[in-house]
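Let's take a friendly walk through this structure together. Please have the sequence and the 3D view at hand.

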Amino acid sequence: MSRIGKLPISLPTNVQVEISKENEIIVKGPKGTLSTPVDRDIIVSANDGQLVVERPTEQKRHKAMHGLYRSLINNMVNGVSNGFTEQLELVGVGYKASMAGTTLELSLGYSHNIFLALPKEVTATAVTEKGKNPIVTLTSIDKQLLGQVAAKIRSLRKVEPYKGKGVRFVGEQIRRKAGKTASK
């Protein structure tokens with residue numbers, strides 16, 4: 001049995017879950033509404049403030065989807081009740097970040113600034129304190145979309161291993177390499 005899939009999902013009191021006939025899960029909470037389609041073979045049932053995800057057989061396909069859909073539904077429940085945040089740190093001389101409406105403007109050492117239009121589900125704030133690296137904080141109720149936007153921002157200037165310059169997650173450990181040394 002899947003260690004992830006067999007765990008029941010506990011529902012907070014302010015979260016409502018609706019299971020439609022087309023096997024679509026709709027989760028409503030104080031922060032918003034999320035929905036996802038579930039494979040027709042996977043059985044989702046709600047009872048006593050808990051959701052249980054079950055699979056019909058031991059086929060490899062059903063085993064793979066069992067834990068997947070349980071995690072997706074759990075992320076939706078956590079998202080509409082608490083929300084998710086990601087923090088990105090811009091490490092480098094002259095690296096800057098600022099928000100203009102829903103557009104994130106990044107200065108990452110290129111000859112031009114990068115303008116990134118954020119989806120309406122993701123909100124961002126850019127904080128620059130004197131003597132510290134700029135930090136971009138992304139918040140959303142959709143964990144998948146938040147991770148995708150954070151990965152896109154990170155890919156604009158990946159961290160290089162020699163000086164450690166680039167866009168990184170706050171708290172991320174970077175494997176550093178030794179540079180050339182003078183031979184004497």
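This is a predicted model: local features need pLDDT of at least 70, side-chain atom pairs count only at pLDDT 80 or more; totals for chains, interfaces and linings use all residues.

As for ring-to-ring pairs, the count of aromatic pairs comes to 0, taking ring centres within 6.5 Å as the rule.

## The largest nonpolar core

In soluble globular proteins, nonpolar side chains tend to be buried together. Here the largest nonpolar core holds 22 residues, and Leu90, Leu106, Leu108, Leu138 and Ile153 are the ones that touch the most other members. Two or more residues each come from β7 (84-91), β9 (103-107), β10 (114-117), β12 (135-140) and α2 (143-155). The largest share belongs to α2, which gives 5 residues.

Leu138 is worth a click in your viewer. Leaving out residues up to four places away in sequence, its contacts include Phe84, Leu88, Val122, Leu146, Val149 and Ile153. Thr85, Glu86 and Thr123 are also among the residues that Leu138 touches.

Apart from this core lies another one, of 17 residues, with Ile25, Val38, Val44 and Tyr69 among them.

## A look at Ser81

Is Ser81 buried or exposed? Its relative accessible area is 15%, under the 20% cut-off, so Ser81 counts as buried.

Ser81 is found in helix α1, which covers residues 60-81. The Ser81 side chain reaches the backbone oxygen of Asn78 at 3.3 Å. Not counting residues up to four places away in sequence, Ser81 touches Pro12, Val15, Pro30 and Lys31.

Methods
Residues are numbered from 1 along each chain as its sequence is written. Side-chain values use heavy atoms; hydrogens and water are left out. Rings of Phe, Tyr and Trp (its six-membered ring) pair if their centres lie within 6.5 Å; planes under 30 degrees apart count as stacked, over 60 as edge-to-face and the rest as tilted. Helices (H or I, at least four residues) and strands (E, at least two) are DSSP runs, numbered from the N terminus. Buried means under 20% relative accessible area, exposed over 50%, partly exposed in between (1.4 Å probe, protein chains only). A polar contact is a pair of N or O atoms within 3.5 Å; within protein, one must be able to donate a hydrogen and the other to accept it, and residues adjacent in sequence count only if both atoms are side-chain atoms. Contact means heavy atoms within 4.5 Å. A nonpolar core is a set of buried Ala, Val, Leu, Ile, Met, Phe, Trp, Tyr and Cys residues joined through side-chain atoms within 4.5 Å.
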